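Me: I'm new to this one. Can you put it on screen and walk me through it?

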Amino acid sequence: MTAPAHARHTKRQLIVETAERLFAEHGYDATSTARIAHEAGVPSGLVFYHFATKLELLLAIVQDRPAPSEVLRSAARGRTVRRRLRRIVDTMAEQLEQDRATRIIVFREAQGRPEIALRAAELFEEAAVTVAEVLAGADDIVDDLARVRTAAELVVSRVFLDTVALGQDDATGTRHAAVIDLLADSLTKPAAPRGLRGNTS
């Protein structure tokens, strides 16, 4: 008798979640599909029913995540560059911490696996583009798209480095505040001279 569709989906998700945990803890090469099946409580053959190879399972872990653009667009609230930067940094740090195991896997496995390196590059590009778009919508942003794009790349790199590569610590908030201040000062238009404010002539 064939299992219901929702049961098959549940087993697949269980395999993905178990593999994610084991790959993050022990590494991809050191984790066998037999161990994944054992800890997931499923027959070994079921792993290969859902995934033709162990690499396909690894790619599923990396790909089955919300796109950065979906998460980061919520940071578009706030009219000023500084406020948007704060929301971007907080949103990214929170999301990366929630998906910490996956980010560790990407960071580690991208070194020797072109498929993972490509996916990591795609995620970075999508995040940088979205951050640049969010910043560009601020009321006081400078009219310099190259500078905005560079700032977006710096934000994504810094938060990823702190959250995944270094791990958050007591100094993380201080570092993030310094980056926000530095970039906000660079990206905010100079205030108009007081005598010219409101002058529409």
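Me: What is the volume of the largest pocket?

Reply: This is a predicted model: local features need pLDDT of at least 70, side-chain atom pairs count only at pLDDT 80 or more, and totals for chains, interfaces and linings use all residues. Residues are numbered from 1 along each chain as its sequence is written, and side-chain values use heavy atoms, with hydrogens and water left out. A pocket here is an open set of points on a 1 Å grid over the protein atoms alone, where a 1.4 Å probe fits, with protein on both sides within 12 Å along at least five of seven lines. Points are joined across faces, edges and corners, and the volume is the space filled by probe spheres set on them; for the largest pocket that gives about 410 Å³.

Me: Which residues lie nearest the centre of that pocket?

Reply: The lining (residues with an atom within 4 Å of a point) of the largest pocket has 21 residues. Nearest the centre of this pocket are L96, R103, L123, F124 and F160.

Me: How many residues of the lining are nonpolar?

Reply: Sorting the lining of the largest pocket gives one charged residue (Asp, Glu, Lys or Arg) and four polar ones (the others, Gly among them).

Me: Why is helix α4 largely enclosed, and which of its residues are buried?

Reply: Buried means under 20% relative accessible area, exposed over 50%, and partly exposed in between (1.4 Å probe, protein chains only). Across the chain of 201 residues, 40% are buried. Helix α4 (residues 54-63) has seven of its 10 residues buried, so the rest of the structure largely encloses it. The buried ones are K54, L57, L58, L59, A60, I61 and V62.

Me: Is E126 buried or partly exposed?

Reply: E126 belongs to helix α8, and its C-alpha atom is 6.5 Å from that of P68, 58 residues apart along the chain. A67, in the loop between α4 and α5, is 59 residues from E126 along the chain, with 8.0 Å between their C-alpha atoms. A67 is buried at 19% relative accessible area. E126, at 23%, is partly exposed.

Me: What is the relative accessible area of D162?

Reply: D162 lies in helix α9. Its C-alpha atom and that of T172, 10 residues apart along the chain, are separated by 6.8 Å. D162 is buried, and its relative accessible area is 0%.

Methods
Helices (H or I, at least four residues) and strands (E, at least two) are DSSP runs, numbered from the N terminus.
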